[in-house]
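Here is a set of questions and answers on one protein structure. Look at the structure first, then try each question before reading on.

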Amino acid sequence: MILAACQPAPEPSAVPDRAVRYGGVETRLLDDEIVNLTVRMTGPATGDDLIAYTRCAAAQYALIRGYGFARHVRTNVYEEGGVRAADAVYTVSPTLPRGLQTIDAEVTVADCAEQGIPTV
């Protein structure tokens, strides 16, 4: 004996939207080797998601400028109208900078691609 049950599919508006959406990156060069990045995300994005997004964008930006490294200076995370955002500053340089929060741009961009995090 085979039993089967069918249940109607829920309306699209009844299905919770669990996907994180990346809202793009705005870059602003503050000095020759200092860049300000603003990223936006919607969905269940966390502060850590936003920081990872800025890190990926900074790494790609360093490569675009012909540099191999970046260093995190600061990140501010906030929410505005249901959209989570981060405003971050990084230095970019051709050589490994001093400091603890340094980024090898090529390695980081490859890692971001594996994780599905977009870059600039």
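Q: Which residues in α2 do R55, C56, A59, Q60, A62 and L63 in α1 meet?
A: The model is a predicted one. Contact here means heavy atoms within 4.5 Å. On the α1 side the residues are R55, C56, A59, Q60, A62 and L63. Their partners in α2 are A105, E106, T108, V109 and C112.

Q: How many nonpolar residues does the contact of α1 with α2 have?
A: Sorted by class, the contact of α1 with α2 has two polar residues and two charged ones. The number of nonpolar residues in this contact is seven.

Q: At what angle do helix α1 and helix α2 pack?
A: Two packed helices are described by the angle between their axes and by the distance between those axes. Helix α1 covers residues 47–64 and helix α2 covers residues 105–115. Their axes are 8 Å apart, and the angle is about 130°.

Q: Which word describes the direction of α1 relative to α2: parallel, antiparallel, perpendicular or oblique?
A: Angles over 145 degrees count as roughly antiparallel, and those from 65 to 115 as roughly perpendicular. The angle between α1 and α2 is about 130°, so α1 is oblique to α2. The term asked for is oblique.

Q: Is C112 buried or exposed?
A: C112 is found in helix α2. Beyond its neighbours within four places in sequence, C112 is in contact with C56, I117 and T119. A residue is buried under 20% relative accessible area; C112 has 2%, so C112 is buried.

Q: How far apart in space are C112 and Q60, C-alpha to C-alpha?
A: Along the sequence, C112 and Q60 are 52 residues apart. In space, their C-alpha atoms are 9.7 Å apart.

Q: In which order do the elements of the protein run from the N terminus on?
A: The protein has two helices and five strands. Read from the N terminus, the order is β-β-α-β-β-β-α.

Q: Which residues does S93 touch, not counting residues up to four places away in sequence?
A: S93 is found in strand β4, residues 83–93. S93 is buried, with a relative accessible area of 10%. The residues that S93 touches are E33, Y67, G68 and F69.

Q: What is the relative accessible area of R71?
A: R71 has its place in strand β3, residues 69–80. Leaving aside neighbours within four places in sequence, its contacts include V89, Y90 and T91. R71 is partly exposed, with a value of 27%.

Q: Where does G43 lie?
A: G43 is partly exposed, with a relative accessible area of 40%. The C-alpha atoms of G43 and Y22 are separated by 9.0 Å, though 21 residues apart along the chain. The place of G43 is the loop between β2 and α1.

Q: What percentage of the residues in the protein is buried?
A: The accessible surface of the protein comes to about 7700 Å², and 51% of this surface belongs to carbon and sulfur atoms. A residue is buried under 20% relative accessible area. Of the 120 residues in the protein, buried ones make up 31%.

Terms used: Residues are numbered from 1 along each chain as its sequence is written. This is a predicted model: local features need pLDDT of at least 70, side-chain atom pairs count only at pLDDT 80 or more; totals for chains, interfaces and linings use all residues. Side-chain values use heavy atoms; hydrogens and water are left out. Helices (H or I, at least four residues) and strands (E, at least two) are DSSP runs, numbered from the N terminus. Buried means under 20% relative accessible area, exposed over 50%, partly exposed in between (1.4 Å probe, protein chains only). Accessible areas come from the Shrake-Rupley method with a 1.4 Å probe; for residues, only the protein chains shown count as cover. Axes are lines fitted to C-alpha atoms, for helices over the stretch in contact, and angles run from 0 to 180 degrees between N-to-C directions. Angles under 35 degrees count as roughly parallel, over 145 as roughly antiparallel, 65 to 115 as roughly perpendicular and the rest as oblique. Ala, Val, Leu, Ile, Met, Phe, Trp, Tyr, Cys and Pro count as nonpolar, Asp, Glu, Lys and Arg as charged, and the others, Gly among them, as polar.
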